[in-house]
Amino acid sequence: MSATAAAAIVERTFLDELFDRGLLIETGVDGLYGRSGLFEEIGEGFQALVTRHGLADNAEIVRFPPGMSRAVFERSGYMKSFPQLAGTVHCFCGDPASHAGLLQTIKQKGDWTADQKASEIVLTPAACYPLYPAAARRGPLPAEGRLFDLLSYCFRHEPSRDPARQQMFRMREFVRMGTPDQVTSFRAAWLERGQALIGELELPCRLDVANDPFFGRAGKMLAINQRDQRLKFELLIPIESEANPTACLSFNYHQDHFGHTFGLTTASGETAHTACVGFGHERVILALLKHHGTEVKAWPMSVRKALWG
Ligand code: AMP
Ligand code: ZN
């Protein structure tokens, strides 16, 4: 046996440990997992903590399902920036004769998916995408702008054995809409609050300027521009690797991109600016399990208090 093969046998990854402990449940697809009751309990504690930190702002709670309108998705420009991550919902729309053909193809292990037709639904890539057109439909924003509280399962096609990079995961978001001043002061406040919140969980973290994974050659320029303008910050916590800590919270300033795209205006008729702060639900749970151990009863009392009171 080679040295690397021997190492592979003894080296249990964090993902293996999560499976062994039953915290995550394998499905046969990398990045698609079930969650145990305990995993969910930690998540509920985390969500309650986020709610507490944002309570004074009185955000309007909205919940969308994990699928969104394909028409809205097309309008958003997502396919221009992140075609590699998108997931669409396709369905069988044939008659009984083509159904027989479909079953035959499956039986012969052929590609039965080729005849599936795109439905009007795509999988939500970030919790805030369905919100912008819904908010615009209400008319111009009030003078104080608006603030929303969202939570949704999201899909991104990025299969990985890193448990912190899943294909279906939850994102909690606060989304602010208003004037540039309203929106940038919201983001500045959350840059502080986010660090205080992670501090309460006694997790090591570091704030950094970041960029989204824009596709292709043109994408490189977009990423550089996003960094230069400091439009995206991430709060990083080591999970899978010390050298490459994982983005657990994101703070995004979209300028007037969504306002312009969806016709969202301020009380005075200007194009609205927007910003969102996103919390990676699974990522924070995994960070807790990584740093405090998989034996939750042995976690510091202060951390358990922060989560469950
Ligand atoms: P983003 O829109 O990329 O800024 O994502 C918002 C938040 O969602 C990030 O800060 C992460 O915590 C979380 N997130 C993004 N991608 C994934 C993924 N593949 N698996 C789990 N969490 C993710
Ligand atoms: Zn967002």
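Author: What follows looks at the zinc site and then at the surroundings of the other ligand.

Please keep in mind throughout that this is a predicted model. The zinc ion (ligand 2) is held by Cys128 and Cys276, each through its SG atom, and by Glu173 through OE, at 2.1 to 2.4 Å. If you follow these donor residues along the sequence, you will find them spaced as C-x44-E-x102-C. Two of them, Glu173 in strand S8 (residues 168-178) and Cys276 in strand S12 (residues 273-280), are 103 residues apart, and the pair thus links distant parts of the chain. Both Glu173 and Cys276 are buried.

Turning to ligand 1, there are 14 residues around it, of which Arg156, Glu158, Gln166, Lys232 and Ser250 come nearest. By class, this shell is made up of 6 nonpolar, 3 polar and 5 charged residues.

Several polar contacts can be picked out at oxygen atoms of ligand 1. A polar side-chain atom of Ser250 lies 2.5 Å from one such oxygen atom, while Cys248 places a backbone N or O atom 3.0 Å from an oxygen atom of the ligand. For Gly280, a polar backbone atom is 3.3 Å from an oxygen atom of ligand 1. Taken alone, ligand 1 exposes 480 Å², and the protein buries 92% of that.

Note on methods:
Residues are numbered from 1 along each chain as its sequence is written. Chains are lettered from A and ligands numbered from 1 in the order in which they are written. This is a predicted model: local features need pLDDT of at least 70, side-chain atom pairs count only at pLDDT 80 or more; totals for chains, interfaces and linings use all residues. Side-chain values use heavy atoms; hydrogens and water are left out. Donors are N, O and S atoms within 2.8 Å of the metal (3.2 Å for Na, K and Ca); water is not among the atoms, so sites may look incomplete. Helices (H or I, at least four residues) and strands (E, at least two) are DSSP runs, numbered from the N terminus. Buried means under 20% relative accessible area, exposed over 50%, partly exposed in between (1.4 Å probe, protein chains only). A residue is near a molecule or strand if one of its heavy atoms lies within 4 Å of it. A polar contact is a pair of N or O atoms within 3.5 Å; within protein, one must be able to donate a hydrogen and the other to accept it, and residues adjacent in sequence count only if both atoms are side-chain atoms. Accessible areas come from the Shrake-Rupley method with a 1.4 Å probe; for residues, only the protein chains shown count as cover. Ala, Val, Leu, Ile, Met, Phe, Trp, Tyr, Cys and Pro count as nonpolar, Asp, Glu, Lys and Arg as charged, and the others, Gly among them, as polar.
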